[in-house]
Amino acid sequence: MTMHKTVDASVDAMIEDLRTLVEIESPSRDADALRASAKAVAAVLESRLGGQAVLVESVAGPHVHWSAGGDPKVLILGHHDTVFPLGTLERRPFMVQDGHATGPGVFDMLGGLVQAVHGVATLDDRAGVEILVTADEEVGSLSSRALIEERALACGAVLVVEGAADGGGLKTGRKGCGTFQVSVTGRASHAGLEPAAGVNALIEAAHQVLDIAALGRPEIGTTVTPTVASAGTLDNVVPAEATVIVDVRVESADEKERIESAFAALAPHLDEAEISVQGAVGRPPMPESTSTELFAVAQRLLPGIEGKSVGGGSDGNFTAALGVPTLDGLGAVGGGAHADHEYLVIDAMTERANLIAGLVNAIQNA
């Protein structure tokens with residue numbers, strides 16, 4: 001393996017770009033905000049790496065694609081949408097204090113994106129490098145999945161710059177994840193005058209919750225968690241409708257199939273109640289086998305770095321499911337994803353930028 005030697009990326013320059021991106025709020029599904037964010041991401045890419053960053057239009061907002069040209073060899077994958085609504089920045093502005101950067105999206109995942117750009121910028125040879133920054137990862141990647149898969153297959157290796165695992169570890173495996181909605185239809189009636197004339201959708205939903213929870217097999221990594229439920233209209237009316245939303249995580253394709261089949265086979269307990277199910281395990285599992293070779297390279301570049309399999313999903317799930325070597329968690333060291341205490345560790349920024357550069361260099365010379 002040819003070792004990459006270069007000057008370190010500038011922390012001050014990385015913080016400058018991070019501030020720029022954080023201060024342009026980018027909540028998922030907000031087309032105007034995401035357009036402004038995409039333009040800012042493209043400007044950072046072009047400023048630091050040269051060339052042209054292309055905005056790829058989609059119903060979810062613009063994705064940003066940059067290519068150094070040459071034979072595609074490595075795809076650096078990230079997203080610029082965040083979970084935070086407009087106005088979060090006013091309440092929680094970008095700040096650098098006590099060794100941390102804080103603000104909406106610093107850890108998930110604008111920090112990782114900035115580190116990757118500055119890491120690649122240290123390389124004299126960027127041939128074969130592509131960077132794809134999508135607009136809808138936080139809401140399922142429905143509009144970006146085909147593009148992600150296309151570029152992953154073309155490049156043959158994927159580095160995902162989502163935030164690091166606890167303690168700065170890399171993410172070598174991820175569970176597949178999905179959301180199901182179970183809708184129950186009953187029949188309304190007066191709860192006092194003729195309760196027996198109704199079909200109680202809430203009671204049916206309670207039966208379904210117990211059946212659904214029993215599908216979990218935590219000993220093999222399958223969790224099935226009812227998370228949100230609603231039913232009824234008034235306190236003296238037998239509820240005619242109810243819904244239950246369920247979070248599902250699986251570690252294997254077999255469990256994905258079992259869970260999807262089980263949801264499709266759900267049957268009502270009450271006479272005349274009806275059930276409909278929507279949803280799927282939309283992100284397939286990311287098996288650890290797809291990260292083995294890239295993780296070994298990372299360990300040579302940064303001895304002692306750990307790899308962890310985690311429950312959350314990312315766009316790396318899609319690329320790994322295609323059999324494309326994928327290594328995740330290469331982004332910011334920090335924590336608090338999706339929470340008000342989200343933070344990035346500034347002292348780790350240079351090390352992570354160099355790690356990305358070293359991995360790219362190793363893939364180019366493989």
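Colleague: Which residues line the largest cavity?

Modeller: Lining the largest cavity are Leu21, Val22, Ile24, Glu25, Ser26, Thr82, Phe84, Pro104 and Leu110. This is a predicted model, with local features needing pLDDT of at least 70 and side-chain atom pairs pLDDT 80 or more, while totals for chains, interfaces and linings use all residues. Residues are numbered from 1 along each chain as its sequence is written, and side-chain values use heavy atoms, without hydrogens or water.

Colleague: What makes it a cavity and not a pocket?

Modeller: The way out decides. On a 1 Å grid over the protein atoms alone, a cavity is a set of points where a 1.4 Å probe fits but cannot get out, whereas a pocket is an open set with protein on both sides within 12 Å along at least five of seven lines; a lining residue has an atom within 4 Å of a point. A search of the whole structure finds one cavity of 30 Å³ or more. The largest cavity has a volume of about 40 Å³, where volume means the space filled by probe spheres set on the points, joined across faces, edges and corners.

Colleague: How does the lining of the largest cavity divide by class?

Modeller: There are six nonpolar, two polar and one charged residues. Nonpolar covers Ala, Val, Leu, Ile, Met, Phe, Trp, Tyr, Cys and Pro; charged covers Asp, Glu, Lys and Arg; the others, Gly among them, are polar.

Colleague: And what is the volume of the largest pocket?

Modeller: That pocket comes to about 970 Å³. Its lining has 39 residues, with Glu138, Cys177, Arg249, Arg283 and Gly313 nearest the centre. Elements giving two or more residues to this lining are α4 (106-121), β8 (170-174), β9 (176-185), β11 (241-250), β12 (274-283) and β15 (334-335). These labels follow DSSP runs numbered from the N terminus: helices are H or I with at least four residues, strands E with at least two. By class, the pocket lining has 13 nonpolar, 15 polar and eleven charged residues.

Colleague: Why is the pair of Phe180 and Phe263 called stacked?

Modeller: The structure holds one aromatic pair. The ring centres of Phe180 and Phe263 are 4.0 Å apart and the planes meet at 10 degrees, so the pair is stacked. The rule takes rings of Phe, Tyr and Trp (its six-membered ring) with centres within 6.5 Å, and planes under 30 degrees apart count as stacked, over 60 as edge-to-face and the rest as tilted.

Colleague: What makes Arg174 and Asp328 a salt bridge?

Modeller: The closest N and O atoms of Arg174 and Asp328 are 2.5 Å apart. The pair links distant parts of the chain, 154 residues apart, with Arg174 in strand β8 and Asp328 in the loop between β14 (326-327) and β15. The rule asks for a side-chain nitrogen of Lys or Arg within 4 Å of a carboxyl oxygen of Asp or Glu, so the pair qualifies. Arg174, at 5%, counts as buried, and Asp328, at 0%, is buried too. By this rule the count comes to 16 salt bridges.

Colleague: Are Arg145 and Glu149 buried or partly exposed?

Modeller: Arg145 has 32% relative accessibility, so it is partly exposed, whereas Glu149 is buried at 18%. Their salt bridge has its closest N and O atoms 2.9 Å apart. Four residues lie from one to the other in helix α5 (residues 145-155), which means about one helical turn.

Colleague: Which residues are linked in a network of salt bridges?

Modeller: Arg91, Arg92 and Asp340 form that network.

Colleague: Why is Gly70 called exposed?

Modeller: Gly70 has 60% relative accessibility, and the cut-off puts it in the exposed class. Its place is the loop between β2 (63-67) and β3 (74-79).

Methods. Buried means under 20% relative accessible area, exposed over 50%, partly exposed in between (1.4 Å probe, protein chains only).
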